[in-house]
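Me: I would like to learn how to read helix packing and pockets in a model. Could you take me through one?

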Amino acid sequence: MSPFEQVISPHQVLLPKAALREMVRVMRTLFAVGRLPAYRERVLPLVPETARFDPGHDAVMMGYDFHLTEDGPRLIEVNTNAGGGLLAYQAQNGAGGIGGLTRDRFRRGFLASFQEELVRQGRRSRLTRVAIVDEKPEEQFLYPEMIAYANLLSEAGIETAVVEPGDLQADTDGVQLRGETVDLIYNRHCDFYLESEVMVGIRAAYLAGAVCLTPNPFAYGLLADKRRMILWSDLESLAALEMKSRTIDLLVRTVPKSRLLADIDPEQAWEDRKDLVFKPVTRFGSRGVLVGRKVSRKRFDEQPPDETLVQQLVPPSQINIEGGEDMKVDFRLFAYRNRLLGVGARLYQGQVTNLRTPGGGYAPVRVV
């Protein structure tokens, strides 16, 4: 059995062309917004110092997550180290291994993005050695995908290993693995701002420009920190940045109203909880997300106000699986810069997205 089969659904999901076009517009608009000087002047003072350093390049696999409503798609979250790109590809094209990827569009786009990251960092040499980094990668749910990415890179002549941060020798002079220089780190680790002790060496190499780290704190701070959704969903704040009216209209329409719990009346939030969702700003992958209609008062009172995003609830769409129960659906666009790499749909049950529901996981998408 392919290691992917357990997280790939056999059920096809339909995606209207108009909805896909809108999702792509949102992705490309946010990429452009992230480059506006006024936006950066507004955002960069809010992020840690490490995230104010611009390395000149981007994030090799961005993810934009959407729920589809009767009025069109709504942006739920942005991720810089989005997993599942290969799973989405396999769901679309069959889960029977990696061999079929040797000359296809996905592989070409993936490899081109890695090389472009190195060039944008200011290097003209060919990419020769990559480290895919995560915390205890063998224990991660998507470890098979990391290995598959390593195989793709290795097949292209790029020496690649999946490692923990502690396996690397890293400082301001650069990064080495077993005595060999690492050109690029594909960062799957979720210490997005490189603040933990285990990331000290990588942080030093990154800030010295001695390694290409993708994704990186700068890209995360601009677009993937959940607190950015507060700005994107606020008409007055966007207008103050002198954005074009069509940009403002698109963001206000597609980004659910978002605020920090610290900035609103907690009693009013409790009264309105059935229409809200509460998200920890520093966690990822639906971890710690509380759907308001099911939260207890005790749990609500435990939420740290400065670290809890209060967002208007946008329920996911649902499809009926023949012979089974209804399943929820969300969509993820995979992108490099403003280029669409692919689209995936995830089927699941329960309050938050997961890939373990029987019959769920990444599903093939048919645009209609």
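**Helix packing and a pocket**

Reply: The axes of helix 3 and helix 5 (residues 143-155) come within 9 Å and cross at roughly 85 degrees, where axes are lines fitted to C-alpha atoms, for helices over the stretch in contact, and angles run from 0 to 180 degrees between N-to-C directions. Helices are DSSP runs (H or I, at least four residues), strands likewise (E, at least two), numbered from the N terminus. This is a predicted model, in which local features need pLDDT of at least 70, side-chain atom pairs count only at pLDDT 80 or more, and totals for chains, interfaces and linings use all residues. Residues are numbered from 1 along each chain as its sequence is written, and side-chain values use heavy atoms, with hydrogens and water left out.

Me: Which residues of helix 3 and helix 5 meet?

Reply: Contact means heavy atoms within 4.5 Å; here Gly 85, Leu 86 and Leu 87 of helix 3 meet Glu 145, Ala 148 and Tyr 149 of helix 5.

Me: Where is Ser 113 placed, and is Ser 113 buried or exposed?

Reply: Buried means under 20% relative accessible area, exposed over 50%, partly exposed in between (1.4 Å probe, protein chains only). Ser 113 belongs to helix 4 (residues 105-120) and is buried, at a relative accessible area of 1%. Beyond its neighbours within four places in sequence, Ser 113 is in contact with Val 60, Tyr 336, Arg 339 and Leu 341.

Me: Which element gives the largest share of the lining of the second largest pocket?

Reply: Rolling a probe the size of a water molecule over the atoms shows where empty space is left. In this case helix 4 gives the largest share of that lining, six residues.
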